[in-house]
Every structure is written in C-alpha cells, then in structure tokens.
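Trainee: Could we go through this structure together? I would like to start with charged side chains and then move on to other topics.

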Amino acid sequence: MALLQTDIIILGAGASGLMCAQIAAQRGRKVVVLERANKIGKKILMSGGGRCNFTNLDVQPENFISNNPHFVISALNRYTQWDFLSLIGKYKINYEERKHGQLFCVDSAKDILNMLLNECEKAGVTLKSSQTVTQVSFDEPSQKFTVTTENSVYQCQSVVVATGGLSIPTLGGSGFGYTLAQQFGHHVYPTTAGLV
C-alpha cells in the first residue's frame with residue numbers, strides 16, 4: 001500500500017470530528033477524516049429523535065462532568081453556543097426551543113449534518129467512511145504518526161481521536177478511543193452511563 005501524506009487524521013465523523021475537521025481545514029491544514037461506520041454522521045441523524053438537540057441556550061461549565069474542570073471553562077470560552085447558532089443562522093436552519101433551553105431542528109437532523117458536510121467540503125476536507133483503523137503508531141525521529149486502515153496507510157503530523165464513547169454500538173460506538181489513549185500513555189478514567 002502506498003503511504004498517503006496529510007497534515008491531520010481525524011478518527012470519527014460524528015459531530016465533534018466534523019467540526020474539528022472543518023475548523024482545522026479552514027486554518028490551512030490538509031485533513032482526512034476516517035469513519036468506521038458505512039455512513040458519515042449516523043448518530044447526528046438519530047439524535048433528538050431525528051431532530052438533533054444541537055445545543056442549549058444555557059451552556060455552563062458546571063453542566064459538564066470532567067476530571068479537569070479548567071478544560072471545560074477554556075473550551076466553552078473559545079467556542080460558545082452563540083458561535084454555533086451563528087453558523088446555524090448562516091444556513092437558515094429553523095430551530096425551536098424546548099424544555100430547559102434545549103434547541104432542536106424544526107425539520108430534521110439532516111439539516112445539521114448537511115451543514116457540517118458543506119462546511120467540510122468548502123474547506124477541502126477528505127471524508128472516508130467504512131474505514132477500520134487497525135494500527136496507530138508514532139515515529140519519534142520524524143515526529144509523525146502512521147495510521148493504518150484495512151486498505152490504506154496514512155502519515156500525518158497530528159491525530160485527533162473523535163471516536164465517541166461506548167454508547168450505541170450499532171451506530172459505531174466502541175472503546176477504540178479509550179484503547180488508543182492508553183496506548184499513548186494517557187490515563188483513562190472509569191466510564192459510567194450518562195447522557196450522550
């Protein structure tokens with residue numbers, strides 16, 4: 001197999017992976033997104049009963065469970081619900097507020113997925129579905145990662161793990177991200193059931 005070069009590989013084409021991909025590509029990086037499922041954004045399409053609860057009006061750091069609360073504060077200060085609502089407005093996606101300030105699409109979760117896919121396309125992101133990653137390694141001398149799938153080998157400067165968690169295995173949920181984090185020496189806290 002030929003060694004394919006890119007700047008960033010993102011593992012997972014859910015909401016987080018697609019957002020990360022379009023922002024990185026808008027910053028001039030060459031981005032490839034690898035999704036294990038046969039379709040991009042499956043969980044987006046089923047979320048909120050098919051209407052996608054895409055954000056809430058009241059988003060506060062204390063609403064998030066994290067072993068590093070400072071990270072949550074920093075992340076929410078850098079990209080707010082208002083930033084995402086601005087993007088929604090650009091695409092003229094109709095939404096409604098439900099209980100507790102939850103915001104849902106009026107029509108379909110497809111509106112959110114299509115918006116994210118359009119942003120990725122405009123930025124030049126390469127999206128690949130049905131990609132099972134078999135190995136991720138890091139070469140110290142070159143300071144590059146090698147990501148191997150069943151039919152391709154990529155070399156890149158950065159790997160982003162946006163594989164999600166263990167929820168809904170039929171839609172692609174797995175423990176792969178946890179295993180990969182441990183492979184690279186990260187501490188993984190015990191998991192617990194929660195709203196995802």
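Trainee: Is K122 buried or exposed?

Mentor: K122 is exposed, because its relative accessible area is 54%. Buried means under 20% relative accessible area, exposed over 50%, and partly exposed in between, with a 1.4 Å probe and protein chains only. Please note that this is a predicted model, in which local features need pLDDT of at least 70 and side-chain atom pairs count only at pLDDT 80 or more, while totals for chains, interfaces and linings use all residues. Residues are numbered from 1 along each chain as its sequence is written, and side-chain values use heavy atoms, leaving out hydrogens and water.

Trainee: Which side chain meets K122 in a salt bridge?

Mentor: The side chain of E119 does, at 3.0 Å from N to O. A salt bridge is a side-chain nitrogen of Lys or Arg within 4 Å of a carboxyl oxygen of Asp or Glu. E119 counts as buried because its relative accessibility is 4%.

Trainee: Where do K122 and E119 lie?

Mentor: Both are in helix α5, three residues apart, which is about one turn of the helix. Helices (H or I, at least four residues) and strands (E, at least two) are DSSP runs, numbered from the N terminus. An α-helix has 3.6 residues a turn, so residues three or four places apart point the same way. K90 joins E119 and K122 in a network of salt bridges.

Trainee: How many salt bridges are there by this rule?

Mentor: The count comes to four. One of them is between the side chains of R29 and D7, at 3.9 Å from N to O.

Trainee: New topic: how many aromatic pairs does a search of the whole structure find?

Mentor: The search finds four. Rings of Phe, Tyr and Trp (its six-membered ring) pair if their centres lie within 6.5 Å; planes under 30 degrees apart count as stacked, over 60 as edge-to-face and the rest as tilted. The F54 and F84 rings are tilted, because their centres are 5.9 Å apart and their planes at 45°. F54 lies in strand β4 (residues 53–56) and F84 in helix α4, so this pair ties together parts 30 residues apart in sequence.

Trainee: What else pairs with F54?

Mentor: Y95 forms an edge-to-face pair with F54, at 5.7 Å centre to centre and 90° between the planes. F54, F84 and Y95 form one aromatic cluster.

Trainee: Which residues are buried in α1?

Mentor: They are G17, L18, M19, A21, Q22, A24 and A25. What covers them includes β2 (8–11), α2 (42–46) and α5 (110–123).

Definitions and conventions
Contact means heavy atoms within 4.5 Å.
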